[in-house]
Amino acid sequence: MSTRLTKNGIPMVESHSLPLVLAAAQVHEKITLYLSESLKKKGYKFISPSMLNFLSTLECGINYGSEIARTLGVSRQMVAKTVKELCKANYLEQREGLGRQKEIVFTEVGELLMSDARQLLSGVDKVLDKEMGENKLKALTTDLESLQKLITKLNNNTAIEKG
């Protein structure tokens, strides 16, 4: 995003956070695209970046639609639609749970998919370690986790000020 004046003369303030957000989004997008293309070559023909993003939020055990919706900040209807697609692709299955909620679990194919995705990420780690230096990736991850905690704290403080 440009830091010059807009056509209406409104100044744009310099920000280090903006390029950080854009760079982080691009890294996420490129890694997810790499994973989905590599997994398709391994035979997972129904996988897409958006499906990988969804699957990456699930626990290895039992999941529930309401928890997934809360985690992703989307409607339960959106979760139900995505789960239905992933069930058709044989990556997930739904089964009866307690009450009205259905349990959502990985199928064997889904577990293999996630295992292969982790293996591919391990390969990415090796390339990044070689190019960046062995400890730099770990340090960068630690810094990003610290940054995430600071931003969460900022968001919580903003919510308190509004309330």
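**Close-up views of a predicted model**

**View 1. V13 sits ahead of the helices.** V13 is found in the segment before α1. The model is predicted: local features need pLDDT of at least 70, side-chain atom pairs count only at pLDDT 80 or more, and totals for chains, interfaces and linings use all residues. Residues are numbered from 1 along each chain as its sequence is written, and side-chain values use heavy atoms, without hydrogens or water. Helices (H or I, at least four residues) and strands (E, at least two) are DSSP runs, numbered from the N terminus. V13 has a relative accessibility of 72% and counts as exposed (buried is under 20%, exposed over 50%, partly exposed in between; 1.4 Å probe, protein chains only). V13 and L154 are 141 residues apart in sequence. Their C-alpha atoms are 20 Å apart in space.

View 2. The patch covers about 670 Å² of surface. Its members are L20, M132, L140, L144, L147, L150, I151 and L154. Patch residues have over 30% relative accessible area and no salt bridge; nonpolar side chains (Val, Leu, Ile, Met, Phe, Trp, Tyr) are joined within 5 Å, like charges within 9 Å. Areas come from the Shrake-Rupley method with a 1.4 Å probe; for residues, only the protein chains shown count as cover. Helix α6 spans residues 136–162 and gives the most to this patch, with 6 residues. L20 has 36% relative accessibility, so it counts as partly exposed.

**View 3. R95 pairs with E103.** A search of the whole structure finds 2 salt bridges (a Lys or Arg side-chain nitrogen within 4 Å of an Asp or Glu carboxyl oxygen). One of them joins R95 to E103. The closest N and O atoms of this pair are 3.0 Å apart. R95 is partly exposed, with a relative accessible area of 37%. E103 is buried, at 13%.

**View 4. K102 pairs with E96.** This salt bridge has its closest N and O atoms 3.8 Å apart. K102 counts as partly exposed, at 39% relative accessibility. E96 is exposed, with a relative accessible area of 61%. E96 also falls within strand β2, residues 92–96.

**View 5. N90 has a positive phi.** The phi angle of N90 is near 70 degrees. That is a positive value in a residue other than glycine. N90 is found in the loop between helix α4 (76–88) and strand β2 (92–96). N90 is partly exposed, with a relative accessible area of 38%.

View 6. The search for disulfides covers the whole structure and finds 0 (a disulfide is a pair of cysteine sulfur atoms within 2.5 Å). For the sulfur of C60, the closest cysteine sulfur is in C87, 17 Å away, which is too far for a bond. Starting from the sulfur of C87, the closest cysteine sulfur is in C60, again at 17 Å and too far for a bond. C60 is exposed, with a relative accessible area of 72%. C87 counts as partly exposed, at 25% relative accessibility.
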